[in-house]
Amino acid sequence: PAAAPPAGASASAAAAESAAAAAAAAAASAAHDEVMAAMRAWVAAWTAKDLPAYFGAYTPDFVATSGARRAEWEAARTRVLGRAGTIHVVTSDEQLRLIDGSNATLRFVQRHSSDARRDEVEKTLTFKKVKGRWLIAREFVRPIASETLAAGGRSPAGQAAAAGTAA
């Protein structure tokens with residue numbers, strides 16, 4: 001007959017498995033918190049028009065939704081943000097998927113408004129951990145609603161209502 005495992009061997013194996021599972025859960029929780037903090041810092045930099053911090057939230061090889069590479073995208077964003085007045089960005093419905101210890105995908109609804117534009121989009125950011133920091137490597141945007149505002153921050157319908165000519 002086969003020899004029985006030493007007393008306590010299965011308990012030791014179970015304890016080791018439990019410790020490994022706990023460590024993995026703690027690492028996933030920490031990564032979740034880090035990615036969410038990176039997203040909040042990106043939003044804060046964008047709304048403050050802090051271009052070094054805003055661009056610092058992206059990987060050097062970032063690819064935009066349009067397919068534009070980092071340099072051309074950065075030049076276009078600099079022009080747009082330079083013209084923007086006050087910027088407000090609110091996110092909701094965040095769904096984070098950790099792919100592994102250095103890659104994650106964050107999907108959310110973003111509501112953006114400035115003096116010239118309001119929009120609501122579904123955004124997916126692919127994060128990559130680079131030198132200990134979670135950075136945005138790719139960005140995909142799907143419009144939900146958009147409105148270009150006329151002077152004074154009013155939509156054409158809002159201007160008509162203010163003038164008493166709205167339908």
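## Helix α3

Helix α3 comprises 14 residues, 70–83, and at 1.5 Å a residue it should span 20 Å; the C-alpha atoms at its ends lie 20 Å apart, which agrees with that expectation. The structure described here is a predicted model.

Four residues of α3 are buried: Arg 70, Trp 73, Arg 77 and Leu 81. Viewed down the helix axis, the buried residues of α3 fall within an arc of 65°, so they line one face of the helix. On the face of α3 turned away from the buried side are the exposed residues Ala 71, Glu 72, Arg 79, Gly 82 and Arg 83.

## The largest pocket

The largest pocket holds about 600 Å³ of space. Its lining is formed by 27 residues, of which Trp 46, Arg 77, His 112, Arg 117 and Asp 119 are the closest to the pocket centre. Two or more lining residues come from each of α1 (9–48), α3, β3, β4 (117–130) and β5 (133–148).

By class, the lining consists of 15 nonpolar, six polar and six charged residues.

## Thr 105 in strand β3

Thr 105 belongs to strand β3, which covers residues 103–113. Its relative accessibility is 18%; because buried means under 20%, Thr 105 counts as buried.

Leaving aside residues up to four places away in sequence, Thr 105 touches Gln 95, Leu 96, Arg 97, Ile 99, Thr 124, Leu 125 and Thr 126.

How values were computed. Residues numbered from 1 in each chain as written. Predicted model: local features only at pLDDT ≥ 70, side-chain atom pairs only at ≥ 80, totals over all residues. Heavy atoms only, no water. Expected span 1.5 Å × (residues − 1). Buried < 20%, exposed > 50% of the residue type's maximum accessible area, 1.4 Å probe, protein only. Arc of directions from axis to C-beta. Contact = heavy atoms within 4.5 Å. 1 Å grid on protein atoms, 1.4 Å probe; cavity = no way out; pocket = protein on both sides within 12 Å on 5 of 7 lines; lining within 4 Å. Points joined across faces, edges and corners; volume = space filled by probe spheres on them. Nonpolar A, V, L, I, M, F, W, Y, C, P; charged D, E, K, R; others polar.
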